[in-house]
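Subject: Structure for your review

Dear colleague,

Please find below the sequence and structure that I am handing over to you. I would be grateful if you would read the notes after it with the structure open.

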Amino acid sequence: MHTVSVNELRPGMITADHVVSRYGQLIVEKNRILSYQMIAHIRYYGITKVAITDGEPPSEAIEHFETERNAVLSYNEKIKKSPQFLYFKKEYDQKVDFYRTA
């Protein structure tokens, strides 16, 4: 574990400890793979340093990442099957074909 300045944080780094605000509010949980959005939240709360894991990522971090990724994929699949999206796609494809042949 080592401490990193917020300006040096990069997506993909893994938190070694909970990241909390000066008032004790949990911002990012321990063993989470940082995303751009998480780093933005850390900056917003004025946190200056974060403990980052060294070496191999903990299995908990990998499991949590997979769960979040699957949730996003499931949501995307759900959207693509919705009647509104199917209608949009049909209209879009027709317009693209029209402009290609014009």
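The notes below describe a nonpolar core, a serine in a loop, and the aromatic pairs. Please bear in mind that this is a predicted model.

The nonpolar core

The largest nonpolar core comprises 13 residues. Leu9, Val19, Val28, Leu34, Ile42 and Val50 have the most contacts inside this core. Two or more residues come from each of strand E3 (26–28), helix H1 (36–44) and strand E4 (49–52). The greatest contribution is that of H1, with three residues. As for Val50, its contacts beyond four places in sequence are His2, Thr3, Val4, Leu9, Thr15, Val19 and Ile42.

Serine 21

Serine 21 is found in the loop that runs between strand E2 (19–20) and E3. This serine counts as buried because its relative accessibility is 6%, below the cut-off of 20%. Neighbours within four places in sequence aside, serine 21 touches Ile27, Tyr45 and Ile47.

The aromatic pairs

There are four aromatic pairs in the structure. One of them joins phenylalanine 85 and phenylalanine 88 in a tilted arrangement, at 6.1 Å centre to centre and with 45° between the planes. Both residues belong to helix H3 (residues 83–101), where they are three residues apart, about one turn of the helix. Phenylalanine 85 is partly exposed, at 27% relative accessibility, and phenylalanine 88 is also partly exposed, at 46%. Phenylalanine 98 and tyrosine 99 have ring centres 5.3 Å apart and planes at 75°, so this pair is edge-to-face. Both phenylalanine 98 and tyrosine 99 are exposed. Finally, one aromatic cluster is made up of Phe85, Phe88 and Tyr92.

Yours sincerely

Key: Residues are numbered from 1 along each chain as its sequence is written. This is a predicted model: local features need pLDDT of at least 70, side-chain atom pairs count only at pLDDT 80 or more; totals for chains, interfaces and linings use all residues. Side-chain values use heavy atoms; hydrogens and water are left out. A nonpolar core is a set of buried Ala, Val, Leu, Ile, Met, Phe, Trp, Tyr and Cys residues joined through side-chain atoms within 4.5 Å. Buried means under 20% relative accessible area, exposed over 50%, partly exposed in between (1.4 Å probe, protein chains only). Helices (H or I, at least four residues) and strands (E, at least two) are DSSP runs, numbered from the N terminus. Contact means heavy atoms within 4.5 Å. Rings of Phe, Tyr and Trp (its six-membered ring) pair if their centres lie within 6.5 Å; planes under 30 degrees apart count as stacked, over 60 as edge-to-face and the rest as tilted.
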